[in-house]
Amino acid sequence: MWIWTAATLALLVVATLLWRGSDAAATSSTTAAPADVPPGAPAGAISEAWSAAADPLPGDVVAEGRVLVGSPRGVRALDPVTGEEAWHYTRDNAVLCGLTVTDGVAVAVFRTEDRCDEAVALDAGTGVRAWTRNVDFRPEATLTSTDRIVLAATPTGIVTLDPTGSGIRWRYVPPEGCEFLQSAAGDAGVAVLQRCAGSPALQLRLMDGFDGDLHWTRDLPASARATELVGADLPVAVRVGDEVQLLSSADGTLLTTLPADPGAAVRQAATGTAVLVLTDGTLTALEPGSARPLWSVPATGLPGGAATTADGAPALPVPTAGGIVHRDPATGTELGSTATPELPDGAVVTVVGPVVVLTHAGEVRAYR
C-alpha cells in the first residue's frame, strides 16, 4: 500500500510540473455572448468616452460589434460603448507577432521561441476558438488581410492563409537575386514590390489572392524620390515620386494619377462603392476598376468603412480638421457632421451605432 501511495504521489508531482510548463497553463482565454450592436448614429457633438493602448493594431479594429486590440501577449475584445473587456486570449509563454481581423475572425500569430510558429483564429464577437495550426514564419512577420485572405509577410517572402479554414493557400519567395520590399492584399489580389540585382527598376507584381497565379508584372523607377506600394484594391495604387499611379488590376496599365507630396503619407482604402486615396490632406474617391474620379474632399484621415445616418442612409465618416463629416459614398455629398475634439492626422474613423472609434499610432479611442 505504501509503495502504491508513493507512486501515486510521484505521478501527481510530475503531472503538476508538466501542467505548469504546458501551453494550456500559460494560456488565459475567456469567451462572451455575441455582441449587440448599439442602435443609433453619432450625435452632433461627441467627446472622448474611453481609450486603450493597442500594439499591434489590426487594420480593421471593429468586427462583430467588438473593438479588437493587440498586446505583446495576446488579443482583447472591448465593448465599443463602455470600453470594458468582453473576451481575451493571452499567452504567458509566447509573444504576439501579428494580429489581423477579417471575415468575422481575429487571426493571431505567436512566437514561442525564435520564430513565429503558432497561429490561432478566434471568433471576433465571442472569442471562441475557430482553429489553431502550426506555422513557420520569421520573427519579423507581419499580418494583414482582406476578404477571405490573410497575408503573412516576411523579408524573405509571403504566405497566404484561409482565415476561416486555417489552410495555407500558397507561398511566394522572390527569385534568386531579388529582394522583397513590400506586399499588400486587396480586392485585386496580392501585390508585391521587389528589387532584383542587375535591374535599374523595381518590379511590381500582382498575383491572384487564392491560388497565387501571376496576373502581371510592371517595372517602376527605383531612382524616384519615393517609390512604394500603397494598396492592392481596384485599382492597384503605387506612389512614384510626386504622384500616385492608379494601375489596372487586369493588366497593370496606368489608368490615372493623383498628385502626392513625397514627404507625406499616402493611404488607400476600399468601401465597395468606391476606392479611397488619401494624399496631401485630400481624400479622393475613385470608381472601382476604372479609377474614374468620383469626388474629392479635404480630410485628415480615412473612414474605416461605411455606416448609416440616423435615417438609415449609407455614409462615410470622414475625419477633418473641424470634426467628422458624414458623406454619401457615391457622390461625396455631405449628409451631416459631428463636432469632436481635435483629431490626430492620419487617424482611421469607424462608426458603431452612436460610437465613433478612432485608431491612431498604437491607440484606440472611442467618442460618444
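Visitor: How far apart are the sulfur atoms of Cys97 and Cys116?

Guide: Cys97 and Cys116 form a disulfide, that is, a pair of cysteine sulfur atoms within 2.5 Å. This is a predicted model, in which local features need pLDDT of at least 70 and side-chain atom pairs count only at pLDDT 80 or more, while totals for chains, interfaces and linings use all residues. Residues are numbered from 1 along each chain as its sequence is written, and side-chain values use heavy atoms, leaving out hydrogens and water. The two sulfur atoms are separated by 2.0 Å.

Visitor: How many residues apart are Cys97 and Cys116 in the chain?

Guide: The pair connects distant parts of the chain, with Cys97 in strand S7 (residues 95-102) and Cys116 in strand S9 (residues 116-123). Strands are DSSP runs of E with at least two residues, and helices are runs of H or I with at least four, numbered from the N terminus. The separation of Cys97 and Cys116 is 19 residues.

Visitor: Why is the disulfide of Cys97 and Cys116 given its handedness, and what is that handedness?

Guide: The handedness rests on the torsion about the S-S bond of Cys97 and Cys116. That torsion is about -100 degrees, so the disulfide is left-handed.

Visitor: What is the handedness of the link between Cys178 and Cys196?

Guide: Cys178 and Cys196 also form a disulfide, with their sulfur atoms 2.0 Å apart. Cys178 lies in strand S15 (residues 178-186) and Cys196 in strand S16 (residues 189-196), so the pair ties together parts that are 18 residues apart in sequence. With 100 degrees about the S-S bond, the link is right-handed.

Visitor: What is the pairing when the bonded cysteines of the protein are numbered in sequence order?

Guide: The count comes to two disulfides. Taken in sequence order, the bonded cysteines are paired 1-2, 3-4.

Visitor: Are Cys178 and Cys196 buried or exposed?

Guide: Buried means under 20% relative accessible area, exposed means over 50%, and partly exposed lies in between, with a 1.4 Å probe and protein chains only. By this rule, Cys97 and Cys116 are both buried. Cys178 and Cys196 are likewise both buried.

Visitor: The ring of which residue lies under the charged end of Arg91?

Guide: A charge sits over a ring if NZ of Lys or CZ of Arg is within 6 Å of the ring centre and within 35 degrees of the ring normal. The charged end of Arg91 is 5.5 Å from the centre of such a ring, which belongs to Phe110.

Visitor: Which residue is joined to Pro235 by a cis peptide bond?

Guide: Most peptide bonds are trans. Pro235, in the loop between strand S19 (227-231) and strand S20 (236-240), has a cis bond with omega of about 10 degrees to Leu234.

Visitor: Which strands stand at the edges of the sheet that holds S19?

Guide: Four strands form an open, antiparallel sheet in the order S19-S20-S21-S22, where two strands pair if DSSP finds at least two bridges between them. Each edge strand has a single partner, so one side of each is left without a neighbour in the sheet. These edge strands are S19 and S22 (254-259).

Visitor: Which residue in S22 stands opposite Val244?

Guide: Strand S21 (residues 243-247) and S22 pair in the antiparallel sense over five bridges. In S22, the residue opposite Val244 is Leu258.

Visitor: How many of the five residues of S24 are buried?

Guide: Both faces of S24 are covered, with Val275, Val277 and Thr279 buried on one side and Leu276 and Leu278 on the other. S24 is largely enclosed by the rest of the structure, because the number of its residues that are buried is five of the five.

Visitor: What is the phi of Asp280 in the turn of the hairpin of S24 and S25?

Guide: Most residues other than glycine have a negative phi. S24 and S25 run antiparallel and are joined by five bridges, and their hairpin has two residues between the strands. Asp280 is partly exposed, with a relative accessible area of 39%. Its phi is positive, at about 55 degrees.
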